[in-house]
Amino acid sequence: MKKRYAMAMDTRRCVGCNACVIACKTENALHTGGFRDWIVQEVSGTFPSLQMEIRSERCNHCSDAPCVGACPTGASHVAEGGVVMVNKQKCTGCKACIASCAYGARYVHEDGFVDKCTFCLHRVQKGKQPACVETCPTRSLTFGDLADPESPVTRLVRTRRFKVLQPETGNEPNLYFLS
Amino acid sequence: MAGIGRRKFIQIGAASAGVAAVGSGLATRWWGLDGNPVADPGTEGDKVVPTFCELCFWNCGVLAHVRDGKVTKLVGNPEHPLSKGMLCPRGAGGTGLLYDPDRLKKPLIRASKRGEDVFQEASWDAALNKVAEGLLEVKKRHGPEAVALFNHGFGASWFKWFMKVWGSPNIAAPSYAQCRGPREAGYSLTYGAGVGSPEPIDIENTRVLTLIGSHLGENMHNSQVQELADAIGKGAQLVVVDPRFSVAAGKARYWLPIKPGTDIALLLAWMNVILEEKRHDAEYLAKYATGLDELKAHVAGKTPEWAWPITGIRPELIRETARFIASARPASLIHPGRHATWYGDDAQRARAMAILAALLGSYGRRGGYLVTGKFPLQPYPVKAPQAGAHAPVRPVADKPKAGGFPVAEEVLASGLCDATKPGFAMYDMKAWIVYGTNLIHTLPAQKETIQAIQHLDLMVAIDVLPAEICGWADVVLPEATYLERDDDLQAPAWKTPFAGIRQAAVEPMYDSKPGWWIAKELGKKVGLGEHFPWKSGAEFVDVRLEASGIDVATMRKKGVVLGKRIANCEEDGATPAIFTESGKIELHSQQLAKLGHDPIPSFYPPEEGPPGSFRLLQGRAPTHTFGRTTNNRLLAEPYAENEVWVNADAAQALPTPVKNGDLVMLVNQDGVREGPVRAKVTQRIRGDCVFLVHGFGHTARGLRFARGRGASTAALTTRYKVDPLMGGTGINVNFVRIEPAGRTA
């Protein structure tokens, strides 16, 4: 069965501590200013009736990824499990993919190519979890294969209320925000 | 084409790009770059060294990945009970400390007036000689106890030993009188034992967690946050009492935006409801507690209606939350908090929390306060200092038992600072050794600290970074970071007793040295070499491990050894840890009555600030440990500077209204100006207070990244209110005005 990697992010558990951000930066040796994931705090209401949602966000690894289509050199591609990747050797840094991404998930690396979350595919291929998932002290992040009906991520998506960000784009994002 | 939607458009885009991809495939084959290999960033270590963290004082187990002699990344040690394989951002960002370009690199000797921050590099030999000469001179003229050690952090153990053999009891950490001291005193008066660190609380199994001003989740005590998330996952509910809509408040069933400084009134009203409505655990109290009748009488009039005008919390809400908290007992946890020095009546507030926990029957019960144990470790066999080897021991100037603070259990850092002013105490401090604590930012009233320093004959700073305090020293000794050194074993009291090891992952950079080496060499130079027989920190640890029956190789490979499981709660057969003289939980404290203090906490209104000012509240951000991490460039990426939180309506009502993101100056009641700092104009805070994350606004020249970023809470804390019970320095008694950054005073 073809793998379909996805991530469930539990907004109820997350405290927005940024451990995922720092672990990603050191795992992937990102330069200063380069981020593949980030924290969003969304507050609504007025004092003292307030609500807050905290999300750890990253590339949505869309099943219908416009960035891959927008890439003129084939650098942006769909790899194993539907993971959207950039081959930096092929990337010219033209930024067409950045313009096409609804989530602001991509940035220009200081060496000129475009960089983004890889779901830590280099780790996943060795049977490990992505670095952000591994470190998360609140265990808000669950990574796995949606094609496997028994995987934890499938179970979460099946049993919990969730949303995806900007579903109206029709890109079929693969980050599920549990509430 | 009017009907074409974005979806369709994207499909067209994808199809045409497919063609482009084919073309590109051909081209790349021609370039010889065909295929899309999954790139490995190359951060997996060729060596993985288990150790424990020092970015904060939770000391989580860490695995340091080392590749080509460099630490590439830090991950949690899955075997370690405090991290369970997960790290907070600071723990994961420890490489930012190791590779901080601003680190202290060589020993430094002052070359100009004290405090001008002008130094000359020196050899270790010259620097240690200067320290030894200075210490011996102080000893000759004033006695050994005129030397004080201020310390914070695990590596201080070597210097505490130095002090012991040197002959001075004057060892203090600001973590007591400037932080958790009032809590320790309040719980000690009630249960006969302080809370301690890491806190023995069962968040994981609690059904209702009540936070009184504690912003768990923004303060990242790893295990506690892990348990918080697990509890939420299992359906636990939160009651959060905080003037600010904290992260925890955002997850709470009830948020009580209390007027700052009135928590005791709320706690008394909660007790009133619980006792009036007989929702307390009568059976538990009959078995374990004393003073219930006095408590009932004391809170009889303290109704929610009484507390309403004081706290600003509606009586119905007070009643509802009291019932809600009681409904889950005994698995209803009143979190003890940690930083507790707020208003000067903090030990009494902590006592009110401890009493409420007792009413819920949660002390010693699952989902409440647990019984923990320490892993038994043998000491290194070393000649202890002989009693009477030094000059006759004089009364200890700072020991609060002699100085009017009847229930303090540790030496006060602020007390040692005071005792440095001539004639203030029974004898004067003449030399300071400052290990790993930036007193300029940790003690209140910077001016007083600086005045005290000017009276010293000698001041030595041992640190990793050139913090403000180093600028005031005569000699600065650069210590290796926790990733470059061996330290003593850790064995804190925990649910399952354990022992953990700190071992160097890499060699010390620059001319920095590990603490064990510095203390030993200094010991030799002052004629105490016989008390430092260990060859190295590693050998010290190995001897202790062998004496304790722990296999050295296993410990060095795994980083941690677990002890036997112990019963943690009454349900498992444990007895609640009550160690008062009466053997009972003292709801009414005989000890306090005898001392002339309130035997049961009472509410006294805090003083208000000048008109037009806001009470200054301070706290934490999850990426930072006070000012210790604000120069860490990795941790600064998500949070480089603090911002002042101002209520949106209050910001609009200012003489010059302030918008979100505006730069403002903060001016306190004594005219101290801080900033410019960005305003976070938000609904998330009451209108009578502002909030700053502590640890920013550095002024030290050597902290090239952190210097000048954000506003310093320490500088604005010119006033403090001393807790009459234990000498804690309450700091939430400062007020600021907000001015536009452009205007001059």
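Between domain 1 and domain 2 of chain B, 9 residue pairs sit in polar contact, with both partners at pLDDT 80 or more. The model is a predicted one, and that pLDDT requirement belongs to the count. Salt bridges don't feature here at all: the count between domain 1 of chain B and domain 2 of chain B comes out at 0. On the domain 1 side, helix H6 (174-191) and helix H13 (346-359) of chain B each put in at least two of the residues that touch domain 2. That side of domain 1 of chain B splits into 14 nonpolar, 9 polar and 5 charged residues.

As for the layout, domain 1 of chain B covers 182-372 + 570-595, while domain 2 of chain B runs over 614-740. Taken over C-alpha atoms, the centres of these two domains of chain B lie 28 Å apart. The contact draws on 28 residues from domain 1 of chain B and 25 residues from domain 2 of chain B. Together, the two domains of chain B bury about 2,000 Å², and carbon and sulfur atoms account for 61% of it. Three residues stand out on the domain 1 side: Arg244(B), Tyr343(B) and Gly344(B) provide 26% of the area that domain 1 of chain B buries against domain 2 of chain B, more than any other three residues.

Next comes the interface between the chains. Here 58 residues of chain B meet 61 residues of chain A, and about 4,600 Å² is buried between chain B and chain A, with 59% of it on carbon and sulfur atoms. Asn36(B), Val38(B) and Glu637(B) make up 13% of the area that chain B buries against chain A, again more than any other three residues.

Charged pairs do turn up between the chains, with 6 salt bridges counted between chain B and chain A. One salt bridge joins the side chains of Lys73(B) and Glu27(A), at 2.5 Å from N to O. Which elements of chain B give two or more residues to the side that touches chain A? They are helix H1 (6-31), strand E3 (70-76), helix H2 (89-92), helix H7 (222-233) and helix H23 (633-636). H1(B) has the largest share of that side, at 9 residues. By residue class, the side of chain B that touches chain A holds 29 nonpolar, 19 polar and 10 charged residues.

His31(A) falls in the loop between helix H1 (19-27) and strand E2 (37-46) of chain A. Because its relative accessible area is 12%, under the 20% cut-off, His31(A) counts as buried. Setting aside residues up to four places away in sequence, His31(A) touches Lys25(A), Tyr107(A), Val108(A), His109(A), Glu110(A) and, from the other chain, Glu637(B). The His31(A) side chain also reaches the backbone nitrogen of Glu110(A), at 3.1 Å.

Glu172(A) is another loop residue, placed between strand E9 (162-163) and strand E10 (175-178) of chain A. Is Glu172(A) buried, exposed or partly exposed? With a relative accessibility of 43%, Glu172(A) counts as partly exposed. Glu172(A) and Asn60(A) are 112 residues apart along the sequence, yet their C-alpha atoms are 8.5 Å apart in space.

Note on methods. Residues are numbered from 1 along each chain as its sequence is written. Chains are lettered from A and ligands numbered from 1 in the order in which they are written. This is a predicted model: local features need pLDDT of at least 70, side-chain atom pairs count only at pLDDT 80 or more; totals for chains, interfaces and linings use all residues. Side-chain values use heavy atoms; hydrogens and water are left out. Domain bounds come from an automatic or database domain assignment. Contact means heavy atoms within 4.5 Å. Buried area is the accessible area (1.4 Å probe) that two parts lose on being put together, summed over both. A salt bridge is a side-chain nitrogen of Lys or Arg within 4 Å of a carboxyl oxygen of Asp or Glu. A polar contact is a pair of N or O atoms within 3.5 Å; within protein, one must be able to donate a hydrogen and the other to accept it, and residues adjacent in sequence count only if both atoms are side-chain atoms. Helices (H or I, at least four residues) and strands (E, at least two) are DSSP runs, numbered from the N terminus. Ala, Val, Leu, Ile, Met, Phe, Trp, Tyr, Cys and Pro count as nonpolar, Asp, Glu, Lys and Arg as charged, and the others, Gly among them, as polar. Buried means under 20% relative accessible area, exposed over 50%, partly exposed in between (1.4 Å probe, protein chains only).
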